[in-house]
Amino acid sequence: ITDAAGDVDLEDLITPEDVVVTISTDGYVKRMPMDAYRAQRRGGKGRSMAQLRDNEEIDTLFVANTHDPILFFTTTGKVYKMKAYQIPQTGHAARGKAFVNLLPLEKEEAVMSVVRCPQDEQEWQTSHIIFATQNGLIRKTPLSVFSNVRASGINGMGLNEGDKLIDAHLSRNEETDILISSKNGQAVRFHSADLRPIASRTAMGVKGINLNQDDDVISMHILGDKATHVLSVTEKGYGKRTKVEDFPTKSRGTKGVISIQTTKRNGAVVTSMPVGEGDQIMIATNDGQVIRTTADGISSMSRNTQGVTLFSIGKGSKTSVSLVTRLPLAMLEGDDAEATAEGNAADAAPEVAAPTTPDMLEE
């Protein structure tokens, strides 16, 4: 032991590892090691993720590295920032810690969307955050605008009365496409270059999708270079993969095309998200069950079809799928990567083309 001068940064003592972060509708947040959820074949019953109270559901689920900066956007349009390791780690059955004990949230304020940011802040200068609201508005803001977030939070975006933030995603590439999906099975794909960057943190945005009267936006995703299919999942546990090229590029603000049928069997759409070869997905239900499976094991079908069973939900059950998140192949290492490769070989599903009838054609 020798005397040495210098400061020790607490962050340097934190082991970099991938973790699963969950947020409940009651405002409880926690993180768990990603290896707590082993990959299963599709159609399984999953594993419990938390002991939830009555009427409490899992609202947000994402994967991050413990050293990643995380931006939390709330219902009032404010944004807060913290590192992933600052989120309490608990067992899979615990509820976690209340957000009000971690962030200075105001009364009636709740976290609505989460963005995992690059650890290298040099990348912040060339990246953007894409926002989407329930009423179909979309906005692109430079990530560098959020480089200095006070502990008390700052204004993140402006919202019209009655509207709320649905999704926020990080974009590193100006040449990519954006996919907006609605609960009634509509989806529109357009170029991100159609969006002009807005540096103002209180701007409202522009129209991204033209919604029908009884429809709402349920997800917005960025189609990266490695995306080969769009995975659509419904609230009753059904889903499918559809080739990315089957979603034609249209102008921003149009109705788009049908992504999946929202029949009585399927229920409403939970998400339509891009997936690539070797990716895994995690599907969570409103009562805290989670299943992790390979995306390649899900049947590839045309857009205007119902899909296959992804999550086994009994008839008459009040359980429904509430969240779907993607685990990129680059994040899967060791046994998980090998399990993915084995699962792909065993579960690879053929392309399925279904006939369409005139009353099923998209607008």
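Q: Which residue in strand 8 stands opposite Ile70?
A: This is a predicted model, in which local features need pLDDT of at least 70 and side-chain atom pairs count only at pLDDT 80 or more, whereas totals for chains, interfaces and linings use all residues. Residues are numbered from 1 along each chain as its sequence is written, and side-chain values rest on heavy atoms, with hydrogens and water left out. Strands here are DSSP runs of E with at least two residues, numbered from the N terminus, and two of them pair if DSSP finds at least two bridges between them. In strand 8, the residue opposite Ile70 is Arg116.

Q: Over how many bridges do strand 5 and strand 8 pair?
A: Strand 5 comprises residues 69-74, and Thr74 is found in this strand. Its pairing with strand 8 runs in the antiparallel sense, and the number of bridges is 5.

Q: Which strands stand at the edges of the open sheet of 4 strands?
A: The order of this open sheet is 8-5-6-11, with antiparallel pairing. An edge strand has a single partner strand, so one side of it is left without a neighbour in the sheet, and this applies to strand 8 (111-116) and strand 11 (154-155).

Q: Is Thr74 buried or exposed?
A: Away from its neighbours up to four places in sequence, Thr74 touches Tyr80, Leu105, Glu109, Ala110, Val111 and Met112. Buried means under 20% relative accessible area, exposed over 50% and partly exposed in between, with a 1.4 Å probe and protein chains only. At 1% relative accessibility, Thr74 counts as buried.

Q: How many residues apart in sequence are the parts that Lys81 and Glu121 tie together?
A: A salt bridge is a side-chain nitrogen of Lys or Arg within 4 Å of a carboxyl oxygen of Asp or Glu, and the structure holds 7 of them. The side chains of Lys81 and Glu121 meet in one at 3.7 Å, N to O. Lys81 lies in strand 6 and Glu121 in the loop between strand 8 and strand 9 (128-133), so the separation of the parts they tie together, in residues, is 40.

Q: What is the relative accessible area of Arg241, which meets Asp296 in a salt bridge?
A: The side chains of Arg241 and Asp296 meet at 4.0 Å, N to O. Arg241 belongs to strand 18 (residues 238-243) and Asp296 to the loop between strand 22 (289-294) and strand 23 (300-301), 55 residues apart. Asp296 counts as buried at 14%, and Arg241 is also buried, its relative accessible area being 7%.

Q: How far apart are the closest N and O atoms of Asp279 and Arg326?
A: Asp279 is buried, at 5% relative accessibility, whereas Arg326 is partly exposed, at 34%. The two form a salt bridge in which the closest N and O atoms are separated by 3.0 Å.

Q: Which residue in the turn between strand 21 and strand 22 has a positive phi?
A: Strand 21 and strand 22 pair in the antiparallel sense over 5 bridges, Gln280 having Thr294 as its bridge partner in strand 22. The two strands form a hairpin with 3 residues between them, and the turn residue with a positive phi, about 95°, is Gly288.

How values were computed
Contact = heavy atoms within 4.5 Å.
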